[in-house]
Amino acid sequence: MEKSIQSEGRLLALKSAPLNAWIALSDDESKIVAHGATYEEVVHRLEEIGDETAFLVKTPPSWDLLSV
Amino acid sequence: MRVPFKQVPGSTIPVLYPLLRVAISKRHGPKSRPFEAMVDSGAGDCMFHSSIAPGIGIKVEGGRKETRTGIGGTQDVWVHPVQLWFGADMLSIEAAFSHTLPVAGLLGRMGFFEHYKITFDPSTHPPEIELERIYRA
C-alpha cells in the first residue's frame with residue numbers, strides 16, 4: 001500500500017491543492033482526482049467519477065510546520 | 001510493518017511526516033474512504049476531523065462533549081466509539097471529533113499507540129515508522 005515516498009508527484013499535487021480543503025489523491029499519489037470543501041463533497045465527487053482507489057487528505061490552512 | 005514518512009510542502013522546504021492511510025466506521029456501519037492520518041505520539045488519544053463523521057452515520061455533537069488542549073489552545077471535541085481500520089487491523093476505539101483539526105486525523109496514545117510497538121526510524125531515507133501489533137490477553 002505504501003511502498004515509497006512518491007516524492008515529486010505527491011509534492012507537486014499537494015502544492016497545487018487548495019488550502020484548508022479536502023482533496024482525493026490517486027492511489028499512486030501523483031495527482032488530485034477530486035477536491036472540495038468537505039469530506040462528503042469529495043466522496044460524492046469520487047462516486048460520480050467511479051473512482052474506488054483514491055484516498056483523502058485534508059490540507060491545512062497553510063503549509064507551515066504542523067504543531068497540533 | 002514499515003511505512004516511509006510522507007512528504008508535504010513546507011513553508012520553505014518539503015517536510016516529512018509519519019502519515020498512514022486509515023479508515024473509520026461506526027460499529028456495523030459503512031467504512032469511510034481511506035484518508036491520511038498523522039501518527040502523533042504527543043496526542044493523548046485519536047482525533048478525527050468532524051467532516052468525516054456524517055458520511056459514516058455519526059452525529060458529531062451527539063457524542064460525549066469534552067475539551068482538548070494543544071499548542072493552538074483549547075477546543076471542544078465530541079467523543080464517539082468507532083472502529084479504526086489500518087491495513088488488515090480493525091481496532092475498536094473511542095475517538096474525538098473536532099471541527100477545527102487542521103488535518104484529517106491524529107493517531108494518538110489511547111486507541112493507537114496502545115495497540116502497536118512503534119519505532120520512528122530516522123536512519124533510513126526517507127525515515128520510516130515501524131509498527132508491530134501488540135495483542136493482549
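Modeller: A salt bridge is a side-chain nitrogen of Lys or Arg within 4 Å of a carboxyl oxygen of Asp or Glu. Please bear in mind that this is a predicted model. The general idea is that side chains of opposite charge can pair when their charged atoms come close. In this structure, D27(A) and R21(B) form such a pair, with N and O 2.7 Å apart.

Colleague: Where do D27(A) and R21(B) lie in their chains?

Modeller: D27(A) belongs to the loop between β1 and β2 (32–36) of chain A, whereas R21(B) sits in strand β4 (residues 19–25) of chain B, and the pair therefore crosses between chains.

Colleague: Which residues does T53(A) contact, apart from its neighbours within four places in sequence?

Modeller: T53(A) is in contact with D27(A) and R33(B). T53(A) itself lies in the loop between α2 and β3 of chain A. Although 26 residues separate T53(A) from D27(A) in sequence, their C-alpha atoms are 5.7 Å apart in space.

Colleague: How many salt bridges are there over all chains, and how many between chain A and chain B?

Modeller: A search of the whole structure gives 16. Between chain A and chain B the count is five. One of the bridges joins R10(A) to E36(B), with 2.8 Å between the closest N and O atoms.

Colleague: How should I read the extent of the interface?

Modeller: The size of an interface is often given as the accessible area lost when the parts come together. Here chain A and chain B bury about 3,100 Å² between them, and 61% of that area is on carbon and sulfur atoms. The contact draws 35 residues from chain A and 35 residues from chain B. Across the interface, 14 residue pairs are in polar contact, with both residues at pLDDT 80 or more.

Colleague: Which elements of chain A supply at least two residues each to the side that touches chain B?

Modeller: They are α1 (7–16), α2 (39–49) and β3 (55–58) of chain A. The greatest contribution is that of α1(A), with five residues. By kind, the residues on this side of chain A comprise 18 nonpolar, six polar and eleven charged.

Colleague: Let us turn to sheets. In what order do the strands of the open sheet in chain B lie?

Modeller: In chain B, three strands form an open sheet in the order β1-β12-β11, with antiparallel pairing. The edge strands, β1 (2–4) and β11 (116–121) of chain B, each pair on one side only. Neighbouring strands of this sheet are turned against each other by 20 degrees on average, direction ignored.

Colleague: How many bridges join β1(B) to β12 of chain B?

Modeller: Three bridges join β1(B) to strand β12 (residues 128–133) of chain B. Within this pairing, V3(B) stands opposite I129(B), and P4(B) has E128(B) as its bridge partner. On the other pairing, β11(B) and β12(B) are joined over six bridges, where Y116(B) stands opposite R133(B). β11(B) and β12(B) form a hairpin, with six residues between them.

Colleague: Finally, how does one read the backbone angles?

Modeller: Most residues other than glycine have a negative phi, and most peptide bonds are trans. Departures from that pattern deserve a second look. The peptide bond that joins H125(B) and P126(B) is cis, with omega about 0 degrees. P126(B) is placed in the loop between β11 and β12 of chain B.

Colleague: Where is N20(A) found, and what is its phi?

Modeller: N20(A) is in the loop between α1 and β1 (22–25) of chain A. Its phi is positive, about 50 degrees, although N20(A) is not a glycine.

Terms used: Residues numbered from 1 in each chain as written. Chains lettered and ligands numbered in written order. Predicted model: local features only at pLDDT ≥ 70, side-chain atom pairs only at ≥ 80, totals over all residues. Heavy atoms only, no water. Contact = heavy atoms within 4.5 Å. Buried area = accessible area lost by both parts, 1.4 Å probe. Polar contact = N/O pair within 3.5 Å; in protein donor to acceptor, adjacent residues only side chain to side chain. Helix = DSSP H or I, 4+ residues; strand = E, 2+ residues; numbered from the N terminus. Nonpolar A, V, L, I, M, F, W, Y, C, P; charged D, E, K, R; others polar. Pairing = 2+ DSSP bridges. Axes fitted to C-alpha atoms, helices over the stretch in contact; angles between N-to-C directions.
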